[in-house]
Amino acid sequence: MRFLRTEDFQLKTSDQDSVLNMDVTHQGLTPEQIAELIDLVKKVHGFDFSDYTKASLKRRLTRIMQLKKLSFYDLKQALINSPGFFQDFLEEITVNVTEMFRDPSFYKALNSQVLPYLSTYQHIKIWSAGCASGEEVYSLAILMRQAGLKDKSFIYGTDINTVVLKEARKGIYSFRNIKSYTENYQIAGLNGSLTDHFTTMYDAATIHSELKLNTLFSVHNLISDTGFNEFQLITCRNVFIYFETQLQERILELFYNSLCPHGFLCLGSKETIRSDLFKRKFVAVNQKENIYQKIGS
Ligand SMILES: C[S@@+](CC[C@H](N)C(=O)[O-])C[C@H]1O[C@@H](n2cnc3c(N)ncnc32)[C@H](O)[C@@H]1O
């Protein structure tokens, strides 16, 4: 095996110049430089960001360069030569912002329009794709508990980012966050209080172990990994917004093939099925909340 070296990625004189200038503003990342970084990451680390939206990539790359005080040249060097740097890079490239019961009206709709249907199944397998630090998975677990469906449901949370998955497995959230999630919980119209589902200690709250038992978190890359089960419900919320249309369609195909007949797919509040092909494969159960049901087998 031959190790890749910096020279393999043609560090140009202009790159070297930017080391001298320290490229302080980073406003100047050109489309060519972004393409070069995408190519490098694909070759060296096997992650393909070519179908992420360019505007978002540019923002994230610029942020990494500013945070780490790196020029374009330094960034390439670090990606090739610094063990461990890629994990930090991945964490910055992926946007991991999340919350419990995000968009409470979505959970209200799920509760009233989808759960009655799911309750007719013997087992309910749910996939939360792009679950970040687990808040979405535990929101679903709480919803299932309140609907009396906990014992027959199981929720898989997956993400490309191993660091957030570690947080998700712990299921520990700061009390400050719990306070803001409580408002969502109430708007979603759920019974009791959000803290009923947590054990609180000092300034943190841990999700009840009986809810954790019904969950499993693992690494899964929506771009390169295949489906791994047949699900009654798939949620992939606030992930498509970072993907170009052709990538969204590839992933819709993956979801279609991973759903049981008449299974449900939930996208984020700004994410709709736009392609004619998939409009024929899914029917909108709730257009406003972007809840879809698979048509056919
Ligand atoms: C903004 S968060 C959304 C979290 C949660 N679904 C929600 O709506 O609050 C987007 C998540 O998608 C993940 N992600 C980005 N690209 C991915 C990919 N190719 N495969 C799997 N997850 C990905 C990110 O790591 C991040 O945790």
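Tutor: Let's begin with how packing is described: an axis is a line fitted to C-alpha atoms, for a helix over the stretch in contact, and angles run from 0 to 180 degrees between N-to-C directions. Helices here are DSSP runs of H or I with at least four residues (strands are runs of E with at least two), numbered from the N terminus. Keep in mind that this is a predicted model, where local features need pLDDT of at least 70, side-chain atom pairs count only at pLDDT 80 or more, and totals for chains, interfaces and linings use all residues. Residues are numbered from 1 along each chain as its sequence is written.

Start with helix H2 (residues 31-45) and helix H4 (residues 72-81), which pack at about 10° with their axes 10 Å apart. That makes H2 roughly parallel to H4, because angles under 35 degrees count as roughly parallel, over 145 as roughly antiparallel, 65 to 115 as roughly perpendicular and the rest as oblique. Gln 33, Leu 40, Val 41 and Val 44 of H2 meet Phe 72, Lys 76, Leu 79 and Ile 80 of H4, where contact means C-beta atoms, placed from the backbone, within 7 Å. By class, this contact has six nonpolar residues, one polar and one charged. (Nonpolar covers Ala, Val, Leu, Ile, Met, Phe, Trp, Tyr, Cys and Pro; charged covers Asp, Glu, Lys and Arg; the others, Gly among them, are polar.)

H2 also meets H3: their axes come within 11 Å and cross at roughly 80°. H2 is therefore roughly perpendicular to H3. From H2 come Pro 31, Ile 34 and Leu 37, and they meet Lys 54, Leu 57, Lys 58 and Leu 61 in H3. Five of these residues are nonpolar, none is polar and two are charged.

Now follow H3 (residues 54-67) onward to H5: this pair packs at about 135°, with axes 9 Å apart. H3 and H5 are therefore oblique to each other. The contact holds three nonpolar and three charged residues, with no polar ones.

The chain is divided into domain 1 (6-93) and domain 2 (104-294), with bounds from an automatic or database domain assignment. The domain centres, taken over C-alpha atoms, are 32 Å apart. Eight residues of domain 1 and nine of domain 2 make the contact. On the domain 1 side, H5 (residues 85-93) gives the largest share, three residues. That side has two nonpolar, three polar and three charged residues.

Definitions and conventions:
Two residues are in contact if their C-beta atoms, placed from the backbone, lie within 7 Å.
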